[in-house]
Structures are given as C-alpha cells and as structure tokens.
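Here's a quick walk through how the chains of this assembly meet. Have the structure open as you read.

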Amino acid sequence: MQPRMILALALCGIGVAGCATRPSDSEAERAVAEMIKASFKTRGQATIDRLSQDDAQALCSKHAGELPKGMSDGIEKVQQAALRYPSSGKLMGDWRQGERIAQSGVGKQFTDDPNRPAGGSCYNCHQLSKQELSFGTIGPSLYQFGKLRGSSEAIQKYAYGKIYNAEAFAACSNMPRFGHNGVLTEEQITHLVALLLDPESPVNK
Amino acid sequence: MRIQRVLAGVLAVTLPCFSPAQQDTQKEIERYRQMLQESNPAELFEARGEELWKTRRGPKNASLERCDLGLGPGVVKGAYVRLPRHFADTDRVQDAESRLVTCMVALQGFTPEEARRHPFSGTGAPMITADPFSGVGQRSVMTDLVAWIASESRGMTIAPPMSHPKERFAYQAGERLFYYRAGPYDFGCVTCHGEEGKRIRLQNLPKMTNAKDAQRAFGTWPAYRVSEGELRSMQWRMWECIRQMRFPELEFASDASIALITYLAKKAEGGTFDAPAIKR
Amino acid sequence: MADPMRIRANMTGDKVEVKVLMAHEMETGLRKDAQGKIIPAHFIRNVTVTHSGKTVLSAQWGTSVSRNPFLHFRFKGGKPGEKVTIAWLDNQGEKRADEAVIAGG
Amino acid sequence: MDAKRREVLKTGGGVLALAAAAGILKPGEGLAQEWNKAAFDTKSVADTVKALGGSGSSPSGAIEITAPDIAENGAVVPVAVESKLPRTQAIAILIEKNPNTLSAEFEIPAGTDPFVSTRVKMAETSNVYALVIADGKYFHAVKEIKVTIGGCGG
C-alpha cells in the first residue's frame, strides 16, 4: 500500500468531509489516532485539544501540496466569511509597536507566559526592514510593501485581512491565521498594518 | 471591482529577494558555521557517555555493556544508523533513546520513570530570562549516552531496516504526523520542511522529502548547540520542533516521536552519518 | 568533580600546536532559573599551561568566555612524547589539571 | 624596568607576564590564583586598558583579528588574535557592548607564539577589540561583529 494512501486514510477520522471516495482502512486509522493520543500531553497553555483539527487544518493536512482547485476555493470562501475587521474602522496603528511585534516570536508555546501578548513572528519568515539582516524566506519579502502599493483603504483592508486570516486569500497558506486563531489582538494587527504601510516605517525606507 | 484590481496588483508585485548585502550575510553565516567546526564540545559529552555505558548503576548495580541496540548485546559500533528498528523482546519499534530506557530498566533495574527522568540536559527549552545567553547546566545520563552511541556510527551509511510490518507502520504514521497541521498557528512539520531552500531567520530549513536535505538533517543530530551550550539528541529535536509548533508536549520516547524519527531516518537512507555535529 | 579536558597537542613544524576543550558551565551570574532565581556566577578564572616546568601560556578569564571553553595556541621548544599540562581554577575554588603527550607532526 | 615593575605592582597584577619575567613570581607559584577583578569589572574599553595598567592604546595594523563578520549566535563567537608586534607580552579580548568589557587576557611568555584563539559570548552586535601589550606599550585592533537573532520561538 502507498504510504500516502495510508496518510490520507488516517486523516479521515477527524471530522473531514469527502473521505467516502477513498477505501477505508479503519484499523490503521484507529492505530494512528491512538498513537497520537498516547504520545502528547497537555503542558501549560498547550492543551491536548490543540491537536483537534478544524476543517481547514484537516483538509490542508490531507491534501498537503496538492489541494484540488475546488477545495481551495471552498476553504477561501469559508475563511473570507469569517474575516472580522475592527469595529472602530481604524486599520492603521503605530509602526513602532508593529516592528516590536514583528520581531517577537513568542506566544502560545507551553513555555510562554499566557498573560503576556504574543508576537507576530514576522521576521521568522519575511524580510521587512532593510536593517534586520536576520529574516526568514518561507514567506515573500515585504520590504517596501507600502512604498510599492500606497496606503489606500483597500490596501489597508487587504493587509489587515491577510494577517487576520491568511487562508481567506490563499487556502492552506503556511502563514498562521493570527486574528482568526486569537494569537494577535485587533490592535496588534493594526500596528503590523502600519509597519507595512506607513511611509515612515523602516519597511518603506 | 476596484478592490479586486488592487489585490491582483498586490499579488503580482514580486520583489528582488536578495540584494548583494544579503548574499554577504549568507556567506558570512556560512563562514561562522565553518569556524565552529574547528572544535566541537560534543566530545566532552561523548566521553562521559562512554564512561556511563561501562559504569555499574541502578538497583542491579549493572553496566549497560550487555544492552542490545539492535546488532546484538553490547554492539554499539554502527548501531545508531540502523535505528529505529523493531525489537522482538519489546515487540516495539524503538529509537536509540527508547531502547536505552528498555536497557536501563532490564539490566540496571531502574523503573521506566527513573530511566526517563532527565531526557535532555539543561531545562530542554530555552529559559525565560533577561540574560541573552540561554541554557542552564544539568547533566543528562540519557543525552551523554546517546552522544557516545551516535559517535560510534560516525562515517557510516544511514540504513534503517524496513522489513518488519511495525517498522513500515511507524514510517506511515510518521508521514501522517509530518503533514498534520493543527494548533493556534496552523503549523505542521511540513510548514517549515516542505519546500526547498527556505529559512527561518537565517537558519536553513531542510526539505524532509528531499533525500539530500533529509540526509544532512538526520546525519547531523545529535548536535552540540552553541545557542544553548548543550548536546541535543534527535528526541529533543522532535520535542523542540513540536513545542515551537505550539502543539502540546511530545512525550519523550513516545511512539509518535519514534514514528517521526523513523520517517526521517527512512527519508535519509543512504546518507552518511556525521554526528554529533555542532550547530547554532 | 569536574570532567577531564580534551587536549590535542601536535607538532607542526618546530612548534607544538595545542587545542583544548574544557567542560565548564561558564555561568555569567546574570541569568535566572525557571523559578526566577539568579543562577550564581560560576566560571573559570585562571588557566595555566606548562611544559617541562615552564609556563607556556597563562590566562585570566571573565564570564564572557563561552561555555565549554575552547583554547588554541602554539609554543616552541616541545618534542613528541613530552607532556603538556593544563590547569584551570574557577571562581568557586574548583580546579582541574590534565596532561597530554605531544604527538608527532 | 624598575619603573615598569612598580607600575605593574601598582595595577594589581594586570600584566603578570611582566611580573613573571621580572622574577617577582615563579611560574606556578601563586600565579594561577591572581585574578584582576578590577579589570574584569570594567564597563568600557578605556577603563579596561587602564585597569590593565595602560594609560591608553594606539591602533596597530600589526594585530590581526580573525572572526566572522556576522555570528549566527552570540553565545559562541570564535575569535583569534595574532600579533606581529615585537616582544608581545599579553593579548586581551574586549567586547565593547557586553555587560563587562574584558572577556579574556592571555600572557604570552617568550617562546610562545603571539597568537590565541578562543570563543566568546556577545550580548549584541559590538566592536571587539584585541588589546596587545608589546614591549610595555599598548596597542589595539578593532573589528565589528554582528550578532543575529535566530530560531523561531523567541
């Protein structure tokens, strides 16, 4: 049997629709689910229920790297519908605070203080300012993001939405759904929008 | 309509990724890594591990010299690169660490809890502290032993057996875990290890489905991590990645940890083992 | 007791090339443990290397020498088969001395 | 020589190689117990030079620092110093922006190459100074080493 098939089979158990088209191998499926249950334990804020997947996570796991088009449209539609913008209507905060949030990679680990705000881990995956040499490349470079695009309301809305829920724009994106999953607050996201769009931000220098 | 056009524009703009200055950064980091190779404190851990292997310990006052790591009782040379594997006595697929737990219990008379008590030296995770230098010294018998056992496979070819059905199942379960996305960050192993040539900050990420990357990754753990001043094992590497994925804690020597290691070992098959290494 | 050092002493030309690794925490005294308590400073202060009764290198160190310190230097006047002795003393009075035989080039 | 010896004694064992050379201390006799607390407590390059018995130091092209321009981690930064100055007696490594400036001081007797290589901790991007005492005079070379942030959970 192909390993990939077992993988797909094993993934069916977690509330995913559309598994009926594949032959079932409930024994392997149960064994893997059992293995997971026995191998992880709650520690601090990282409780065991974090391993339960929502629909998007389950579909992205099952179809890793080869998500059918119809399915990706479906995920984006559902995630779009879940987008929430600040009730104040204010989308741009303070880029200085945004830079601090972008630099910080803490938050939600069992070693993190749950009472302290999480960071955005932005530099882990993106180039932002020119001064920071230590940046990751999992995501695209965002250097001069605002300089190239301006800071119109539409761009502000796009930037906010993308940080709030990346999967509303790209199903199975590698980027965490920072707002949707409650990692960053509305206000923190507005600071990141400012980091990207404010002409004074180091991103646009 | 307008929004859509703007979005299309946003998505179409691609930026030159690396200016010459950034290529210099990569080159200098590479130079730093090469300078580290001159001397590896992993040796200090290996020396302790070799001593511990021969030391009589536990309620049975016995050494580990009769421990079977898969190639027969007491055979250490080449054992690490043929792990994880199925062991008939436990009817379980085991990696080096979980097998050491078995031997500490069977030969030395420790309880499984005692054998697993200090799996990683230091505190495991980086400490929450105002000081920029992380890691705190607390020795781990397990870590020292694994450092030595791994060093006895240096230069050999990574060749995990895949003939027993339980070995194949461990591989399949490991693959499933590799693609499993969950938690508040939507992360899975594949998030960082699914594409070629990517980095987190300045750290290069191996694409685990790519044989060359997997060989280099599997072949350089355990490693002395200069950022922590500690020797870190493959079990620790799994535990730490899972922590940073914002998952609950992966239990030391658990079946899921061994499944992941089995998956990686198989992906790295044919590569040359060159650990304990030295890394950031 | 402190762990043994790992010493390599090799002839390169007419010089003895010495590379040594010491097992030591080199704790700065600035860090806190998981309970928020300061971890007391613990670091090697003095290193002395001798050959044939003569000091060939002596050093004073602070807390910012890296954990598990590495030291590399060269001296003249040694021959294969002779001994090099390295001794360290830390701020808590712990000490360790090890010797190595000089290997041929 | 006598004036120099007095100065050495006055500064509290900063340049022990001189003291040893002058026959004040025999190798192994008390030498290893000396530790110049005043020098290791200093918080600036100028103060360190003073605590090591100098009134100042001059830049020198005869001192070579071998170290990476960028360190992937500040906990271990390889630094080697080689002096081509005649009668080099001591080499010290100073890190300007560390909580304490002086990292290490090596005393180089005759017959030992004026070269040391070690690994130091750097709290942040900083200038690293190699201070060399040669023929009783103080010289230095400087190199900036950038320390980068790494990993993903911090």
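## Where chain D meets chain B

This is a predicted model. Between chain D and chain B, nine residue pairs are in polar contact, with both partners at pLDDT 80 or more. On chain D, the side that touches chain B gets at least two residues from each of strand S3 (70–71), strand S4 (77–83) and strand S7 (115–120). By type, the residues on that side of chain D split into twelve nonpolar, eight polar and four charged.

As for size, chain D and chain B bury about 2100 Å² between them, with 61% of it on carbon and sulfur atoms. In residues, the contact takes 24 from chain D and 23 from chain B. The salt bridge count here is one: Glu72(D) pairs with Arg33(B), and their closest N and O atoms are 2.7 Å apart.

Ser39(B) sits in the loop between helix H2 (20–36) and helix H3 (42–54) of chain B. Is Ser39(B) buried or exposed? Ser39(B) counts as buried because its relative accessible area is 7%, and the cut-off is under 20%. Leaving aside residues up to four places away in sequence, Ser39(B) touches Ile278(B), Leu21(C), Phe70(C) and Arg119(D).

## A covered helix

Elsewhere in chain B, helix H4 (residues 96–106) is mostly covered, with nine of its eleven residues buried. Among them are Glu97(B), Arg99(B), Leu100(B), Val101(B) and Met104(B).

## Where chain B meets chain A

Now for the contact with chain A: 54 residues of chain B touch 69 residues of chain A. The buried area comes to about 5600 Å², and carbon and sulfur atoms give 59% of it. On the chain B side, Arg176(B), Arg181(B) and Arg201(B) lose the most area to chain A, together 16% of what that side buries. Five salt bridges cross this interface; one of them joins Arg181(B) to Glu167(A) at 4.0 Å, N to O.

Polar contacts between chain B and chain A number 29 residue pairs, both residues at pLDDT 80 or more. Several elements of chain B give two or more residues to this side, including helix H7 (165–178), helix H10 (234–244) and helix H11 (255–267). H7(B) gives the most, with seven residues. The side of chain B that touches chain A divides into 32 nonpolar, eight polar and 14 charged residues.

Strands join in too. Strand S1 (residues 40–41) of chain A pairs with S7(B) in the antiparallel sense over two bridges, and Phe40(A) stands opposite Leu250(B).

Terms used:
Residues are numbered from 1 along each chain as its sequence is written. Chains are lettered from A and ligands numbered from 1 in the order in which they are written. This is a predicted model: local features need pLDDT of at least 70, side-chain atom pairs count only at pLDDT 80 or more; totals for chains, interfaces and linings use all residues. Side-chain values use heavy atoms; hydrogens and water are left out. Contact means heavy atoms within 4.5 Å. Buried area is the accessible area (1.4 Å probe) that two parts lose on being put together, summed over both. A salt bridge is a side-chain nitrogen of Lys or Arg within 4 Å of a carboxyl oxygen of Asp or Glu. A polar contact is a pair of N or O atoms within 3.5 Å; within protein, one must be able to donate a hydrogen and the other to accept it, and residues adjacent in sequence count only if both atoms are side-chain atoms. Helices (H or I, at least four residues) and strands (E, at least two) are DSSP runs, numbered from the N terminus. Ala, Val, Leu, Ile, Met, Phe, Trp, Tyr, Cys and Pro count as nonpolar, Asp, Glu, Lys and Arg as charged, and the others, Gly among them, as polar. Buried means under 20% relative accessible area, exposed over 50%, partly exposed in between (1.4 Å probe, protein chains only). Two strands pair if DSSP finds at least two bridges between them.
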